Amino acid sequence: MPSVQHYPILKVLNNPTIVSIQAGIDRMTEKKCKHLKKVAKVVVNNPRDAAILEKWGIDHRVLVHPGVAIDHISTVPAGRAQPFTLLMASAPWEKGQFASKGIDFLLRATSKRSDLKLILLWRGTLFNELQERIRRWGVEDRVQVINKVIDINQIMPEVHA
């Protein structure tokens, strides 16, 4: 599980240290995060973590909301459709990211599980490469590629995760 790490080497740097916490601190303890009291700023991305830092007496915290607007996304119950359906909305912009973003892994998993469907939100880049990979894994019947701008609320009821 990702967690806040302490790097003692930072003490020898002359510049102010700013820690940006992306993993969340809701399961961390104050003792494990005591080194945060010694840095110049602690940046968090949600009000829950900001409240935890406030409780711990870390007044030099900054709340910066994620750069993606999500207010328009409806909350829906988990998808009820079968098979189990995964949505991935982080298309690569270079070939190496098929592996690093987990797309190759998802295609392989889909090829091994007949009870799994995959929906990929794409943005045009490397579309032909994606189609070739889908054919290579033999999952054309269980991978849906949406290669256009859509309202995410249209497909959320169909997905489980």
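Predicted model: local features only at pLDDT ≥ 70, side-chain atom pairs only at ≥ 80, totals over all residues.

Residues are numbered from 1 along each chain as its sequence is written, and side-chain values use heavy atoms, with hydrogens and water left out.

**Pockets**

- A pocket is here an open set of points, on a 1 Å grid over the protein atoms alone, where a 1.4 Å probe fits and which has protein on both sides within 12 Å along at least five of seven lines; its lining residues have an atom within 4 Å of a point.
- The second largest pocket, with a volume of about 150 Å³, is lined by Leu-121, Trp-122, Lys-148, Val-149, Ile-150 and Ile-152; a volume is the space filled by probe spheres set on the points, which are joined across faces, edges and corners.
- The largest pocket has a volume of about 290 Å³ and a lining of 16 residues, of which His-6, Lys-11, His-35, Lys-38 and Val-39 lie nearest its centre.
- The lining of the largest pocket comprises seven nonpolar, four polar and five charged residues.

**Sheet and packed helices**

- Three strands form an open sheet in the order S4-S5-S6 with parallel pairing, strands being DSSP runs of E of at least two residues and helices runs of H or I of at least four, numbered from the N terminus, and two strands pair if DSSP finds at least two bridges between them.
- The edge strands, S4 (84-88) and S6 (143-146), each pair on one side only, and the twist averages 15 degrees from one strand to the next.
- Strand S5 (residues 116-121) is joined to S6 by four bridges, and Leu-118 stands opposite Val-143 in S6.
- Helix H3 (residues 103-112) packs on the sheet and touches S4, S5 and S6, its direction making about 150 degrees with that of S5; axes are lines fitted to C-alpha atoms, for helices over the stretch in contact, and angles run from 0 to 180 degrees between N-to-C directions.
- Helix H4 (residues 127-137) also packs on the sheet, touching S5 and S6, with its direction at about 170 degrees to that of S6.

**Glu-129**

- Glu-129 lies in helix H4 and is buried, with a relative accessible area of 18%, buried meaning under 20%, exposed over 50% and partly exposed in between (1.4 Å probe, protein chains only).
- Not counting residues up to four places away in sequence, Glu-129 touches Lys-95, Phe-98 and Arg-136, contact meaning heavy atoms within 4.5 Å.

Key. Nonpolar A, V, L, I, M, F, W, Y, C, P; charged D, E, K, R; others polar.
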